[in-house]
Amino acid sequence: MQDQRSNRAGKSLSGRALAYTLMVVVTALWGAPILWMLVTSIKPESEIYAYPPAWIPDAPTLEAYGALFQRFPMLTWFRNSAVVGILTTVLTLAVDALAAYPLARMQFPGRRVIMGVIFATFLLPYELLFVPLFLGLNSYGLVDSIFSLTVPASANAFGVFLLTQFFQAVPRELEDAAIMDGCGRFGFFWRILLPLTKPGLATVAIFTFVASWNNFFWPLIATNSDETRTLPVGLATLVGGAGMSMKQSVLMASAVVATLPTAIFFLALQRHFVRGIAATGIKG
Amino acid sequence: MTSVASQPAGRSKARRASAQEGGAVRSGMTLAAYLFLSPYLALFIAFMLLPTLAAVGISFMRWDILGTPEFIGLDNYRQIFADPLFLTAIKNTFYFVFLTAIPMVVLGLALAMLLDQKLKGTAFVRTVVFLPYVVMVSTVGILWGWLFDKGTGLVNYYLTAIGIEPIAWLKDPHWSMPALAITTVWWTVNTNMIIFLAALQDISEELHDAATLDGAGPWQRFVYITLPLLRPAMALVTALTIINGWRVFGQAYVMTQGGPEASTFVIVQYIYLTAFQNFEMGPAAAAGVVLLLITLVFSLAQMKLMKAI
């Protein structure tokens with residue numbers, strides 16, 4: 001492991017060879033499971049358990065996908081996940097941007113306390129909240145509803161934190177000029193601040209959507225019917241119990257379907273992911 | 001910086017705040033600030049702050065779904081600490097943190113250093129390592145559940161190819177937790193890698209060049225330049241890894257359902273079981289508070305340790 005550092009400057013030939021060898025190993029270890037998932041999902045039944053395992057199917061087929069959509073309410077789960085993801089993202093973006101503006105750019109009593117309390121929740125294991133949240137929502141009859149899957153998630157502090165940093169970087173003079181022109185604070189916020197910080201807004205939107213799409217524990221608690229169940233919870237019912245006899249090709253097809261939207265998102269907008277993690281280190 | 005001229009015309013309360021940064025009317029600004037903040041604060045108070053306080057409150061009460069809540073002091077805590085299953089859960093979760101923490105930090109740094117080099121292909125490898133980030137936990141569980149299968153899994157196939165006896169992984173209480181740890185490292189080490197990559201890119205080239213001119217070898221540059229400058233990133237990565245380790249649940253739930261023989265039964269699954277299958281809200285809340293205290297103690301200890309180094 002140490003030797004790879006020696007070719008930081010990339011000069012010596014042996015150092016380079018070692019770096020490339022390690023890169024091949026890393027690519028294999030991280031890429032193989034994903035590739036295996038794709039390959040298995042298009043294998044016919046007779047090839048799934050072939051020995052030795054084949055990386056290229058002899059007779060590729062989509063029958064596993066057909067079986068998946070036929071036997072499980074995949075479309076409903078998928079639709080629920082999409083609706084929950086989009087609503088959560090829109091709501092989060094709106095309230096986070098509004099909140100980040102004063103935190104980043106105004107002096108007012110209570111600012112430090114509010115920031116301290118909000119950002120302290122980064123250290124909070126959210127699992128602690130789920131018992132009281134469930135009881136509270138249950139007393140209003142809101143469990144197993146889109147509300148319980150979207151609104152509570154919007155209290156997350158990640159977006160406020162990230163947008164505060166983006167908003168601070170906008171020069172003071174712009175704000176002064178805008179307000180002098182009679183733009184007003186909201187006018188400045190809407191017409192100048194938001195357009196100038198689009199990359200930050202995009203980062204928050206993407207992270208919120210992916211976190212919502214992949215969120216598992218809370219939807220597991222807060223849903224109990226296929227009408228509201230999201231993909232992660234639905235897919236978890238495929239394994240264990242009745243799913244034990246499920247063909248691996250069908251399971252892998254479910255994995256592909258669940259991963260496709262976020263994978264496309266990621267490949268198209270990779271730099272936003274990287275910026276978001278680098279800035280806060282927060283995972284979903 | 002700015003002058004009185006930046007104040008909106010026609011506001012007479014301006015005098016008090018004339019020296020204030022931003023130069024705007026103070027009380028007007030306070031009102032505006034809280035107006036902007038109010039939608040988020042309402043959500044934050046309703047769904048973050050109050051539930052946190054309520055969790056602590058419920059942990060001191062007898063609280064079934066039906067019936068009136070009743071204050072019972074520390075009884076819930078006594079109950080869970082007398083429950084062998086909870087103690088097993090703490091032990092298992094600690095074992096998981098122990099198994100993941102070092103690989104997650106060391107491998108995260110090693111990957112970052114490998115892929116920080118100016119070589120062709122690093123961007124591609126970064127993408128491959130990062131891809132598992134967008135895979136949801138159920139899918140991770142389904143995928144690795146099969147990879148670790150004793151008879152038909154790829155892991156055993158390649159281990160056999162290099163002469164290692166097949167391991168029952170998820171069916172063997174000795175191997176189930178290491179299997180979860182391997183899965184978790186594969187799934188989440190990319191977060192740590194990205195944080196380290198960002199920190200490495202902040203270290204100026206000139207520093208390394210100067211050290212090289214002074215005759216410092218690669219190992220010396222690593223120890224005397226890279227590592228010290230990586231300290232903030234190291235602190236962040238270590239804290240996140242440990243906190244997230246204590247919060248593990250989805251992988252265990254999907255891959256092993258806590259088994260075999262409760263060998264992967266973790267604290268969050270205890271909360272889930274107690275609250276949402278046995279409907280004992282008090283003990284579940286108490287277990288949640290214990291989880292909070294554990295992560296706090298670890299975060300504080302880790303901060304102290306980072307300062308001492």
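How many of the eleven residues of helix α5 (residues 137-147) of chain B are buried? Select that helix and look: eleven of the eleven are buried, so α5(B) is largely enclosed by the rest of the structure. "Buried" here means 20 or more other C-beta atoms within 10 Å of a residue's own, "exposed" means 12 or fewer, and "partly exposed" is in between, with C-beta atoms placed from the backbone. Among the buried residues of α5(B) are Trp144(B) and Trp146(B), with Gly145(B) also on the list.

A quick word on the ground rules. This is a predicted model, in which local features need pLDDT of at least 70 and side-chain atom pairs count only at pLDDT 80 or more, while totals for chains, interfaces and linings use all residues. Residues are numbered from 1 along each chain as its sequence is written, and chains are lettered from A and ligands numbered from 1 in the order in which they are written.

**Zoom out to the chains.** Colour by chain and start with B, which has 13 helices and two strands; helices (H or I, at least four residues) and strands (E, at least two) are DSSP runs, numbered from the N terminus. Its C-alpha trace spans about 80 × 75 × 35 Å along the principal axes, and 45% of its 309 residues count as buried. Now click over to chain A: there you'll find 16 helices and zero strands, in a box of roughly 75 × 65 × 35 Å along the principal axes. Of the 284 residues of chain A, 44% count as buried.

**Select the interface.** Pick out the 88 residues of chain B that are in contact with 82 residues of chain A; contact means C-beta atoms, placed from the backbone, within 7 Å. Helix α1 (residues 26-58) of chain B gives the most to chain B's side, with 17 residues. That side divides into 62 nonpolar, 23 polar and three charged residues. In this count Ala, Val, Leu, Ile, Met, Phe, Trp, Tyr, Cys and Pro are nonpolar, Asp, Glu, Lys and Arg are charged, and the others, Gly among them, are polar.

While both chains are showing, click Val160(A). Leaving aside neighbours within four places in sequence, Val160(A) is in contact with Asp96(A), Ala99(A), Ala100(A), Leu103(A), Ile118(A) and, over in the other chain, Tyr40(B).

**Next, helix α9 of chain B.** Select residues 218-229 and view them end-on. The buried residues of α9(B) are Pro218(B), Arg221(B) and Thr226(B). Down the helix axis these fall within an arc of 60 degrees (taken from the directions from the axis to the C-beta atoms), so they line one face of the helix.

Most residues other than glycine have a negative phi, and most peptide bonds are trans. Go to the loop between α11 (250-255) and α12 (267-276) of chain B, where Pro260(B) sits. A cis peptide bond joins Gly259(B) and Pro260(B), with omega about -10 degrees. Ala262(B) lies in that loop between α11 and α12 too, and has a positive phi near 60 degrees. Then jump to Phe279(B), in the loop between α12 and α13 (281-308): its phi is about 55 degrees, positive again. Phe279(B) is exposed, with 12 other C-beta atoms within 10 Å.

Methods:
Two residues are in contact if their C-beta atoms, placed from the backbone, lie within 7 Å.
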